[in-house]
Amino acid sequence: MNITKNEQIIIDKEVTLRCILEVERIDKMKKQTAGRDNLGALAPTFAELNDDVLFGKVWSREEELSLRERSMITIAALMAQGLFPQLKSHFVLGREHGITKNEAVEIVTQLAFYAGWPKAWSAFALIKEVYGNENE
């Protein structure tokens, strides 16, 4: 099958655009080092799995779920379990991924009925810490 010059130009432009979009996507994903920073000496294998697999491979699957959606799901799971130190970190990450203060409040309000009222109180305190006096 022969490709015309115009068809090749179109293909080249599409390939270039895909490359640009992939570079932009990678730039958005900061290299996660929390595992290595906090547990590298104590539990290096766990730290590697945390940084490279969970935050590297799983969180980078944006065609399946956006970073914003993954943050919402993670916030819900952590609040439901009462894992507040991790929840605070994921409110910070969620904020970076576009979750507004109002959305964080709404997530916790919804979860209060399923995960527990006291957990919601604790989560609201974390939202105050992370978002401060931000409006919206």
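Predicted model: local features only at pLDDT ≥ 70, side-chain atom pairs only at ≥ 80, totals over all residues.

Me: What percentage of the residues is buried?
Reply: Of the 136 residues in the chain, 25% are buried.

Me: And the secondary structure: how many helices and how many strands are there?
Reply: The chain has seven helices and zero strands. Along the sequence, the pattern reads α-α-α-α-α-α-α.

Me: What part of the contacts comes from residues 24 or more positions apart?
Reply: Among contacts with a separation of 6 or more, 59% are between residues 24 or more positions apart.

Me: Take V108, then. What does it touch, setting aside residues up to four places away in sequence?
Reply: V108 touches M79 and F91, which were named above, and also A120, A123, F124 and I127.

Me: Now for charges. How many salt bridges does the structure hold?
Reply: There are five salt bridges. One of them joins the side chains of R36 and D52, with an N to O distance of 2.6 Å. This pair links distant parts of the chain, since R36 belongs to helix α2 (residues 34–39) and D52 to helix α3 (residues 44–58), 16 residues apart.

Me: Why does R36 count as partly exposed rather than buried?
Reply: R36 has a relative accessible area of 37%, and buried would require a value under 20%. D52 is also partly exposed because its relative accessible area is 24%.

Me: What lies 8.7 Å from D52, C-alpha to C-alpha?
Reply: That is T33, 19 residues apart from D52 in sequence. T33 sits in the loop between α1 (5–28) and α2, and its relative accessibility of 33% makes it partly exposed.

Me: Which residue forms a salt bridge with E103?
Reply: The partner of E103 is R68, and their side chains meet at 2.3 Å, N to O. This pair also links distant parts of the chain: E103 is in helix α6 (residues 101–115) and R68 in helix α4 (residues 67–81), 35 residues apart. E103 is partly exposed at 26% relative accessible area, and R68 is partly exposed at 26% relative accessibility.

Me: And which residue meets K88?
Reply: The side chain of E129 meets that of K88 in a salt bridge of 2.6 Å, N to O. E129 lies in helix α7 (residues 117–131) and K88 in helix α5 (residues 84–96), so the pair ties together parts that are 41 residues apart in sequence. K88 counts as partly exposed, with 32% relative accessibility.

Me: What about R70: where is it found?
Reply: R70 is found in helix α4. R70 is buried yet has no salt bridge. The nearest side chain of opposite charge is E64, 4.7 Å away.

Me: A change of topic: is H90 buried or exposed?
Reply: H90 is buried, with a relative accessible area of 11%. H90 lies in helix α5 and touches F55, W59, T74, I75 and L78, not counting residues up to four places away in sequence. H90 and S71 are 19 residues apart in sequence, and their C-alpha atoms are 6.7 Å apart in space.

Me: Finally, which residues form the nonpolar patch on the surface?
Reply: The patch consists of L49, V53, L54 and V58, with about 290 Å² of accessible area together. L54 is placed in helix α3 and is partly exposed, at 36% relative accessible area.

Definitions and conventions. Residues numbered from 1 in each chain as written. Heavy atoms only, no water. Salt bridge = Lys/Arg side-chain N within 4 Å of Asp/Glu carboxyl O. Helix = DSSP H or I, 4+ residues; strand = E, 2+ residues; numbered from the N terminus. Buried < 20%, exposed > 50% of the residue type's maximum accessible area, 1.4 Å probe, protein only. Contact = heavy atoms within 4.5 Å. Patch = residues over 30% accessible without salt bridge, like charges linked within 9 Å, V, L, I, M, F, W, Y side chains within 5 Å. Areas by Shrake-Rupley, 256 points an atom, 1.4 Å probe, with all protein chains shown as cover. Lys, Arg positive; Asp, Glu negative; His and termini not counted.
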